[in-house]
Amino acid sequence: MIIGFTSQKGGVGKSTIAAHALGWAIREGISACLIDTDPQASSSDWISDWNSEAEAYLITDSKTISEAIRDLSRKHDLVFIDSRGALDVGSKASMLMADKICVPCRPSRLDFAAAVETLKLAIKASESRKIKADLCLIPAMIREGENMTHIIQNDLDQLGIPVMPSISHRASYAKAADQTNFVWDHSDPKATAEIEILMQEITER
């Protein structure tokens with residue numbers, strides 16, 4: 001299964017979710033790898049610093065990305081793609097090859113607009129394929145008491161896009177990024193449960 005995390009907007013939590021997705025898979029004993037197509041190398045550096053033996057690859061060339069996705073999907077049960085916060089070669093490869101396309105979105109109108117546009121592009125890309133991809137929106141960096149989905153629920157309903165369990169705004173995510181490990185290393189059971197529930201939902205759908 002190939003799972004792409006993509007958005008036209010940066011700073012929405014793609015790398016945090018992608019790194020935790022691979023960490024979760026390894027923790028569960030699932031054969032998995034990460035392809036980072038962002039030249040900033042946030043998620044691939046994160047994983048490499050955490051465990052040099054974990055498979056996280058920085059690949060930014062369009063031809064190489066497609067070949068790597070095909071090759072690694074034969075080797076692993078799960079291939080995660082973390083693309084740049086822009087519509088570039090990595091995002092396009094993810095939209096054209098992923099079985100599941102996940103679009104993280106923060107609770108702001110600019111993020112809502114970018115998420116909807118990303119989903120519309122992903123739908124068009126999926127329609128050009130023999131087998132359509134499964135698309136979803138991931139509410140990210142949600143503070144306690146916030147409810148973002150009702151603002152764009154009409155758009156999501158029209159597009160037929162499901163909303164995944166949300167990722168909250170918690171200090172343990174920032175600590176995990178700073179120390180290149182994971183929320184379960186910071187004694188935060190709520191954040192740990194968020195990742196577990198999200199990944200179970202993504203991989204089961």
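This is a predicted model: local features need pLDDT of at least 70, side-chain atom pairs count only at pLDDT 80 or more; totals for chains, interfaces and linings use all residues.
Good morning. Let me begin with a definition: a helix axis here is a line fitted to C-alpha atoms over the stretch in contact, and the angle between two axes runs from 0 to 180 degrees between N-to-C directions.

First, the chain as a whole. The chain holds eight helices and six strands. Followed along the sequence, these elements give the pattern β-α-β-α-β-α-β-α-β-α-β-α-α-α. The radius of gyration is 16 Å, close to the 17 Å that the globule rule gives for 205 residues, so the chain is as compact as a globular protein of that length. Along its principal axes, the C-alpha trace spans about 45 × 40 × 30 Å.

I turn now to a pair of helices, H1 and H8. Helix H8 covers residues 189-204, while H1 covers residues 14-27. At what angle do the axes of H1 and H8 cross? They come within 10 Å and cross at roughly 85°. Angles of 65 to 115 degrees count as roughly perpendicular, and therefore H1 is roughly perpendicular to H8.

Which residues make this contact? From H1 come Ile17, His20, Ala21, Trp24 and Arg27. From H8 come Thr192, Ile195, Glu196, Leu198, Met199, Gln200 and Thr203. By class, the contact contains six nonpolar, four polar and two charged residues.

Helix H1 also takes us to the pockets. The largest pocket has a volume of about 240 Å³. Its lining comprises 16 residues, and those closest to the centre are Gly10, Gly11, Lys14, Ser15 and Asp38. Which helix gives the most to this lining? That is H1, with three residues. In terms of class, the lining of the largest pocket has three nonpolar, nine polar and four charged residues.

The second largest pocket has a volume of about 200 Å³. Its lining includes Gly13, Thr16, Ile17, Ala140 and Met141. Two elements, H1 and helix H7 (171-179), each give two or more residues to the lining. The largest share, three residues, comes from H7. The lining of the second largest pocket divides into seven nonpolar, four polar and one charged.

How values were computed: Residues are numbered from 1 along each chain as its sequence is written. Side-chain values use heavy atoms; hydrogens and water are left out. On a 1 Å grid over the protein atoms alone, a cavity is a set of points where a 1.4 Å probe fits but cannot get out, and a pocket is an open set with protein on both sides within 12 Å along at least five of seven lines; lining residues have an atom within 4 Å of a point. Grid points are joined across faces, edges and corners, and a volume is the space filled by probe spheres set on the points. Helices (H or I, at least four residues) and strands (E, at least two) are DSSP runs, numbered from the N terminus. Ala, Val, Leu, Ile, Met, Phe, Trp, Tyr, Cys and Pro count as nonpolar, Asp, Glu, Lys and Arg as charged, and the others, Gly among them, as polar. Angles under 35 degrees count as roughly parallel, over 145 as roughly antiparallel, 65 to 115 as roughly perpendicular and the rest as oblique. Contact means heavy atoms within 4.5 Å. The radius of gyration is taken over C-alpha atoms; the globule rule is 2.2 Å times the number of residues to the power 0.38.
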